[in-house]
Every structure is written in structure tokens, then in C-alpha cells.
Amino acid sequence: VYSIQYQTSEASYLAGYAAASVSESGKIGTILGAEGGPILEFTVGFEQGAKAANPDIEVIQSVANSYSDPAKGKELALAQIQQGVDVVFPIAGSTGIGSLQAARDEGVLAIGVDSDQAALFAETDPAQAEVIMTSVLKNVGQSIFLAVEGTINGTTEYGTVGLFGLADGAVDIVQDENFEKYVPEDVRDEINELRQQIIDGELEVEHAID
């Protein structure tokens, strides 16, 4: 058996930096399906990146205790928005769909998770896609490719856990038309520099999974 874990904090760092940079209220929010290692891996990087962009940023965190309750996700997001949050980052499976809907309905920005969620909604709900400024990606195909490649050349160590991050191309953020629309060019340039610093080991991102 060869297990794969994703160092999503590295990509979330970039998303947090972007979120804090575009926030006008100085408040951004995360909505968690539960408080566990894989989910906290997202949040530690997100908050670290946000603080790097704006040390005074306030990150409000809510926990749904469910990955399959869109109504709860929407309720939590609306509560955050009422507190002044203007960028919402749900990390909560289908619960997070409700959070994205709240962002759409209230006219605030959102960050997708795991896949390019703006692309997922582009045809079925363009208004929903429009508010997703970026998504934190797990590039599952890339990680499988690396595992298979390592199996062929003998470097994949079965019986261990592989940790894949930005340097492996296994995580990243979406940089599409929405990203270019909402994130100023100078901030986009800073994010690209930060990405390279993380890849080169010059910038250490906190991890919840070692």
C-alpha cells in the first residue's frame, strides 16, 4: 500500500494571501466540515498567508460538523457575512456548496476547494461561478502519475505515506479570468513569487500533516 497526503497548506497560503489582499472589510472566513488534520492542513496555511498579506486581517472560523449539509453551510456563511466577512473559504464537501450559495446571494467573494469550482458551475450557475475568485486544488492526477512513475523506476516506497505539495505539482490555486479580475496584477506577481519561494524552500509554510 502507498498512501498519499496533500500538503494543501502550501496552496492555501497563496489563497489566503489573495483573500486578505482583496478584502475590503479586513475580515475573511473559513467554514470547516470538521476539525481534523486534513481540514486543518488547509486552514493553517490559509491563515498564515492571509497574515503575511495583512497582519491585521481577521480570520473567522466556523465548524459545520457535517460534510453533507448545504443548509448548515449556508447558515454559517451568512452569519460570517453579517459579521463583515467579504471572502468565504468553505472546506466542507457538499456542506460548502451552501456556503458558496450564500456568497453568491450576498455578493461577496468565495474560494473553492479541491477542484476548480468556478469551472464546475460555469454552465449550470454562471452567477455562482462569477463569485469564486480562485480555488485551492488537489491535483490528484499528478499525484497518481508520480506514484506510478515511482513504481516503474523503483523510487515509490510502498508501506509509507507520500507527502505531495507545490513542488510536486500536486496542489496549487486556480489562476483564471476570475482570479485576474479580482486580484490586482501586483498581488498576482507577489503570489507567483511566493509560490516559487515555497517550492525553493525559502518560505516555510505551517503544516497540520507532517
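Two strands count as paired if DSSP finds at least two bridges between them. With that in mind, welcome to this predicted model, where Leu 32 stands opposite Val 63 in S3.

**The sheet**

That pair belongs to a wider arrangement. Six strands make an open sheet in the order S3-S2-S4-S5-S6-S8, and their pairing is mixed. Strand S3 (58–63) and strand S8 (171–173) stand at the edges with a single partner strand each, so one side of each has no neighbour in the sheet. From one strand to the next, the twist averages 15 degrees.

Here is how two of the pairings look:

| Strands | Bridges | Direction |
|---|---|---|
| S2 and S3 | six bridges | parallel |
| S6 (residues 132–138) and S8 | three bridges | antiparallel |

Helix H1 (residues 8–22) lies across strand S2 (27–32), strand S4 (87–91), strand S5 (109–114), S6 and S8. Relative to S6, helix H1 runs at about 170 degrees.

**A patch on the surface**

Now let us turn to the outside. Val 140, Ile 144, Val 148 and Ile 152 form a nonpolar patch on the surface, and together they have about 380 Å² of accessible area. One of these residues, Ile 144, sits in helix H7 (residues 140–153). Ile 144 counts as partly exposed because its relative accessibility is 45%, and partly exposed residues fall between the cut-offs of under 20% for buried and over 50% for exposed.

Notes:
Residues are numbered from 1 along each chain as its sequence is written. This is a predicted model: local features need pLDDT of at least 70, side-chain atom pairs count only at pLDDT 80 or more; totals for chains, interfaces and linings use all residues. Side-chain values use heavy atoms; hydrogens and water are left out. Helices (H or I, at least four residues) and strands (E, at least two) are DSSP runs, numbered from the N terminus. Axes are lines fitted to C-alpha atoms, for helices over the stretch in contact, and angles run from 0 to 180 degrees between N-to-C directions. Contact means heavy atoms within 4.5 Å. Patches are made of residues with over 30% relative accessible area and no salt bridge: like charges are joined within 9 Å, nonpolar side chains (Val, Leu, Ile, Met, Phe, Trp, Tyr) within 5 Å. Accessible areas come from the Shrake-Rupley method with a 1.4 Å probe; for residues, only the protein chains shown count as cover. A salt bridge is a side-chain nitrogen of Lys or Arg within 4 Å of a carboxyl oxygen of Asp or Glu. Buried means under 20% relative accessible area, exposed over 50%, partly exposed in between (1.4 Å probe, protein chains only).
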